[in-house]
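Welcome! Please take a moment to look over the chain below, and then we will walk through its main features together.

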Amino acid sequence: MAELDDNEALADLLDLLDLEQIEENIFRGTSRQSLVPRVFGGQVAAQALVAAGRTVPADRSAHSLHSYFLRAGDPGAPIVYSVDRIRDGRSFTTRRVVAVQHGQPIFHLSASFQTYEEGLDHQAPMPQAPDPESLPTAAESLPLYRDVFRDPGTVERLLAARSAVDLRYATTPPWGSVGEPVEPRSQVWFRTRGKLADDPLLHTCLATYVSDMTLLDSVLLAHGRGGWAVGDVVGASLDHAMWFHRPFRADEWLLYDQESPSAAAGRGLGQARIWTQDGRLAVTVIQEGVVRVPRA
C-alpha cells in the first residue's frame with residue numbers, strides 16, 4: 001500500500017487537533033482511525049491539551065501535564081472537552097480538562113502553563129543515537145516483519161496511522177525480537193512530515209500525540225514480547241505525564257529515548273526523555289499501562 005501524501009496526512013492530523021468551540025470552555029473533537037477499536041490515547045491527550053491551551057494567554061506555554069485514561073474512547077463518536085479554569089496566577093496558569101463521550105468521562109487531564117522567565121539551567125547529557133537520516137523509514141522497515149504480525153493487514157494500518165509522522169526506530173522494535181528478552185530500552189527519532197506554523201502550543205500538542213505511540217515498547221522488549229499486533233500481550237495506557245523543559249519544534253528531528261524500570265501486577269512503567277537533534281533536553285515523559293499476557 002502506498003503511503004498517504006505527506007501534506008494530506010499532516011493536514012488531516014492538524015485538522016484533528018483543531019477543535020470546534022461550542023461554548024465558553026467547551027470544545028468538541030472527532031477521532032481518526034486507530035490501530036485498535038478505541039480512540040488512540042495520544043489523540044485524546046493532545047486534544048485535551050489543545051482545549052486547555054485555548055483558554056490560556058498566548059504568552060504562557062505548557063510546562064507540564066498529568067492525565068488518566070478512564071475508559072476506552074469510541075472512535076465513531078465526537079468527544080466533548082470541558083475546561084475548568086482552576087487558577088490564573090501571576091506566573092502560572094492551571095487548567096483541568098475532562099473528556100466526555102456518551103455521558104461518561106473517558107479521560108482527565110491537568111495542565112500547567114507558565115510565562116517565560118530566566119533561571120538556573122542544567123541538563124543530563126544526550127544519549128548516543130544514530131543519525132535519523134541513516135535509518136530506514138517505516139515504509140522500508142515494516143514490511144520486513146509482515147509474517148510476524150497475526151493480521152497481514154497490520155503493516156498497512158500502521159503506515160496509515162503514522163502517516164503524518166516520520167518515525168524511525170534507532171533500535172530493534174518489539175516485533176523484531178519476539179521471544180528474545182533484551183535490554184528494556186528503545187529509541188526512535190520522529191518529526192512531522194511537513195513544516196508547522198510557529199505556534200508553541202501546536203508543537204507541544206504534536207509531541208504529546210506522538211509520545212503515546214511507542215513508550216511501552218521498552219516494557220515489551222524486557223520480556224521478548226512483540227505487542228498487540230503480534231498477539232502476545234494485551235494492554236492499554238493508564239496514565240501519562242509530561243514535563244516540557246525547553247522550546248522545540250515537532251517538525252524537526254526529536255530523539256525519543258525510552259526505558260522501563262519496572263513491570264509488575266499486570267502493569268508496565270515506561271519513562272523517557274525527548275531531545276532535540278542538537279542535544280537539548282526538551283521533554284520528560286512517564287507512562288504506566290496495562291500489559292497482560294493473554295490467557296490460553
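**A friendly tour of the fold**

Strands β2 and β4 pair in the antiparallel sense over four bridges; two strands count as paired if DSSP finds at least two bridges between them. Strands here are DSSP runs of E with at least two residues, helices are runs of H or I with at least four, and both are numbered from the N terminus. This is a predicted model, in which local features need pLDDT of at least 70 and side-chain atom pairs count only at pLDDT 80 or more, while totals for chains, interfaces and linings use all residues. Residues are numbered from 1 along each chain as its sequence is written, and side-chain values use heavy atoms, with hydrogens and water left out.

**The sheet**

- Twelve strands make up an open, antiparallel sheet, in the order β1-β2-β4-β5-β6-β3-β9-β12-β11-β10-β8-β7.
- At its edges are β1 (20–23) and β7 (165–169), each of which pairs on one side only.
- From one strand to the next, the twist averages 25°.
- Strands β4 (residues 79–88) and β5 (residues 92–101) run antiparallel and are joined by eight bridges; they form a hairpin with three residues between them.

**Helices on the sheet**

- Helix α2 packs on the sheet, touching β2 (26–29), β3, β4, β5 and β6 (104–115), and its direction makes about 50° with that of β6. Such angles run from 0 to 180 degrees between N-to-C directions, with axes fitted as lines to C-alpha atoms, for helices over the stretch in contact.
- Helix α5 also packs on the sheet: it touches β3, β7, β8, β9 (234–244), β10 and β12 (281–292), with its direction at about 145° to that of β9.
- Because 13 of the 15 residues of α5 (residues 200–214) are buried, this helix is largely enclosed by the rest of the structure. Buried means under 20% relative accessible area, exposed means over 50%, and partly exposed lies in between (1.4 Å probe, protein chains only).
- At the start of α5, a side-chain oxygen of D199 comes within 3.1 Å of the backbone nitrogen of L201.

**Cores and Y81**

- The largest nonpolar core has 65 residues, of which V44, Y81 and F107 touch the most other members. A nonpolar core is a set of buried Ala, Val, Leu, Ile, Met, Phe, Trp, Tyr and Cys residues joined through side-chain atoms within 4.5 Å.
- Helix α2 (residues 41–53) gives the most to this core, with eight residues.
- A second, separate core of seven residues includes L135, A170, W253 and W275.
- Y81 stands opposite A99 in β5 and is also the bridge partner of F27.

**Aromatic pairs**

- The structure holds five aromatic pairs. Rings of Phe, Tyr and Trp (its six-membered ring) pair if their centres lie within 6.5 Å; planes under 30 degrees apart are stacked, over 60 edge-to-face and the rest tilted.
- The rings of F190 and Y256 have centres 6.2 Å apart and planes at 75°, so this pair is edge-to-face.
- The pair links distant parts of the chain, 66 residues apart: F190 lies in β8 (residues 185–192) and Y256 in β10 (residues 254–264).
- F190 is buried at 1% relative accessible area, and Y256 is buried at 0%.
- Ring pairs also link F149, Y169 and W175 into a cluster.

**A look at S67**

- S67 sits in strand β3 (residues 60–69) and is buried, with a relative accessible area of 2%.
- Leaving aside neighbours within four places in sequence, S67 is in contact (heavy atoms within 4.5 Å) with F107, H108, L109, L238, D239 and H240.
- A polar atom of the S67 side chain lies 2.9 Å from the backbone oxygen of H240.

Notes:
A polar contact is a pair of N or O atoms within 3.5 Å; within protein, one must be able to donate a hydrogen and the other to accept it, and residues adjacent in sequence count only if both atoms are side-chain atoms.
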